[in-house]
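I opened this entry to look up charged side-chain pairs. My notes follow in the order I took them.

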Amino acid sequence: MHRNRRAKIVATVGPASSDPAVLKALYLAGVDTFRMNFSHGSRENHAAVHASIRALEIEMGRPIGILQDLQGPKIRVGTIKDGRISVQAGEKIRFVLQGADGDRDAIPLPHPEIFAAIAPRQDLLIDDGRVRVRVQGVGDDFIDAEVVIGGVISNRKGVNLPGTILDLSPLTAKDREDLEFGLSLGVDWVALSFVQRASDVIEARGIIGDRAGIMSKIEKPSALEHIEDIVRMSDAVMVARGDLGVEIPHEEVPGRQKELVRACRLAAKPVIVATQMLESMVNAPTPTRAEASDVATAIYDGADAVMLSAESATGSYPVEAVTMMDRIISATERHKLYRSFISASALDPEQSPPHAVAAAGAGLAETIGAKAIVGYTSSGTTVARIARQRPALPIVALTPNLAVARRASLMWGVHSVPSQDVTTYEEMVATARKALVDENFGGPGDLAVVVAGIPFAQSGTTNNLRVFSLGGSAR
């Protein structure tokens, strides 16, 4: 079985979708990678979901990706007298480092890293920006502020600091324990929350190594300032529009989304557009027209994948949400203007032999009307370089590494096929031919192109391309 679309679907698993029968229905409806959100649920539940997905993978005979999303640091106010206070614009309030059951003159904010980094005229956003205050003065254990946007501050509400870089690791003690647990299960991707700079990714790499791909969630303005370095150090990126939209003006989010998709495509790294894509389908069987347009925009931009969060995790219509997303993607990719949009955003080949060979292979395959372009890959980089070109034909990733096949299921246009090791040209062509026929990509007389690195099984050496017939000899 292979999808008839290029962009991929990521769906979050939660109470509404953790049953094995629902997971199967979601996969058949179009899910390519499942997300396990470690901000919620027990490890026992996550382990059961992981086992169910791996059993489904065997049943379906197709690699399925699993993404572990770590919670990251959570900055919150402490407890407040009577549980809540109302503040008005222009009012003066004070945050304190220590204390409990505070009032407007002593609102607990038990995070010393904030007091060490915050400066006058910087803002604090409380409860997803519903309350905004501007810092007037800072001491070792207090912050004086003026309310800019009034509202209610209640116990344990989240705090965002858009103009402040905190000396804070993206991996809390909980995250480190969750990470080791996820890696022991065998997750394919690990999503890092609260990434501020490239050193955050390097810190995670020291723990993860090559046991999983690292996906940086872009949700902080500071990450945007260091985006080239973050993309370079990451294996993939998630445009986390929910938190990002709290910390930057709403009107800037669409443009930033396009910048991030382009930056990832330039670097040949997968990029997911996430948050509130079909939000109304949490409670309704159909989305709004604006939501359908939002998903389509991400597809026109060339995103590798789009993601469902609450829609599939806790919503009343998880299968319908995936089905709708599949329909929107498919309709967008069939639209007469789709290829012109994708072509208009085409990137010049990077000036290196591997990128040039991948680009040449994609161009050659389109020119000769090939049914598919095959990438032999041991690490996933060969097919990532091909996918970077967004060719108008399927990309088939052949790899002897099942973990790589699972990760590649997230990449634009890539159909992963676990295969045996090859050591000669003859084996390469024969294996590619068999895979394309078995996976129903063509038949006798059809042409295909294979891109590989010589010597075989050596990562990063994309240096060879070949044309062959599915019913004949290589050319």
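The model I am reading is predicted. I then checked how E57 and R54 pair, and found a salt bridge whose closest N and O atoms are 3.6 Å apart. Both sit in helix α2 (residues 43-60), and because they are 3 residues apart there, about one helical turn separates them.

Next I looked up D144 and R94. They form a salt bridge too, with the closest N and O atoms 2.7 Å apart. This pair links distant parts of the chain: D144 belongs to strand β9 (residues 142-149) and R94 to strand β5 (residues 92-96), 50 residues apart. I noted D144 as partly exposed, at 24% relative accessibility. R94 is also partly exposed, with a relative accessible area of 31%.

D229 has 32% relative accessibility and counts as partly exposed. For R232 I wrote down a relative accessible area of 52%; the cut-off for exposed is over 50%, so R232 is exposed.

I also asked which residues are linked in a network of salt bridges. I listed R3, R5, D32 and D326.

Last, I took the total: the structure holds 31 salt bridges.

Terms used
Residues numbered from 1 in each chain as written. Predicted model: local features only at pLDDT ≥ 70, side-chain atom pairs only at ≥ 80, totals over all residues. Heavy atoms only, no water. Salt bridge = Lys/Arg side-chain N within 4 Å of Asp/Glu carboxyl O. Helix = DSSP H or I, 4+ residues; strand = E, 2+ residues; numbered from the N terminus. Buried < 20%, exposed > 50% of the residue type's maximum accessible area, 1.4 Å probe, protein only.
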